Amino acid sequence: MITFRKVFILFISVCTFIFPQTKTPEWAFNKTIYEVNLRQFSEEGNFDGFRKHLPRLKELGVGILWFMPIHPIGELNRKGSLGSYYSVKDYLDVNPEFGTIDDFKELVKEIHSLGMYVIIDWVANHTAWDHQWTKTHPDFYNRDDKGNFIPPVR
């Protein structure tokens, strides 16, 4: 049976072969990474709701908290009522359903005070239809013969 662990180990092995100069940063060596999906993690679905669980995660041996995108989700052509975390409207802001940028900064300070680290899932080629880059840098996007943006999935 193929498990996530086997796929992950294969992925790391391939990356090590392709990018032999890549070295694990010292701060990440031998740390357990825990992926955080804020919307589903707690009943509140926000930074404050997650904060309550930090001691338990630390006790479990978590060393790095990997947050799924925390940015505002686009509204134009949104799929479903909630949209995708990866349909980012603004990389410089925080999704208001999670809290404010200051709430996030305080959460990061608390995580660091517990000796844990934070990484954020940031995928620059997944912007929302209403991201500012669609107007300021339309050349970043694929277009059809009429100049319309071509969605990555049709």
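Buried means under 20% relative accessible area, exposed over 50%, and partly exposed in between, with a 1.4 Å probe and protein chains only. Helices (H or I, at least four residues) and strands (E, at least two) are DSSP runs, numbered from the N terminus.

This is a predicted model, in which local features need pLDDT of at least 70 and side-chain atom pairs count only at pLDDT 80 or more, while totals for chains, interfaces and linings use all residues. Residues are numbered from 1 along each chain as its sequence is written, and side-chain values use heavy atoms, with hydrogens and water left out.

**The whole chain**

Begin with the protein chain in cartoon form: six helices and three strands are present. Followed along the sequence, their pattern is α-β-α-α-α-β-α-β-α. Of the 154 residues, 30% are buried.

**The sheet**

Select β2, residues 62–67. Five of the six residues of β2 are buried, and the strand is mostly covered. From β2, the chain passes through α5 to reach β3, a right-handed β-α-β crossover. Right-handed here means that, with the strands pointing away from the viewer, the path from the first strand over the helix to the second runs clockwise.

The open sheet has three strands in the order β1-β2-β3, with parallel pairing. At its edges lie β1 (32–36) and β3, each pairing on one side only. Two strands pair if DSSP finds at least two bridges between them. Five bridges connect β1 with β2, and four connect β2 with β3. To inspect individual positions, show Y34, which stands opposite L65 in β2, and then I64, whose bridge partner in β3 is Y117.

**The helix on the sheet**

Now select α5, residues 101–113, which packs on the sheet and touches β2 and β3. The direction of α5 makes about 140° with that of β3; axes are lines fitted to C-alpha atoms, for helices over the stretch in contact, and angles run from 0 to 180 degrees between N-to-C directions.

Finally, centre on D130, in the loop between β3 (117–120) and α6 (133–136). Which residues does D130 touch, not counting residues up to four places away in sequence? They are G74, E75, L76 and K89, where contact means heavy atoms within 4.5 Å. Display the side chain of D130 together with the backbone of E75: the side chain reaches the backbone nitrogen of E75 at 3.0 Å.

Notes
Polar contact = N/O pair within 3.5 Å; in protein donor to acceptor, adjacent residues only side chain to side chain.
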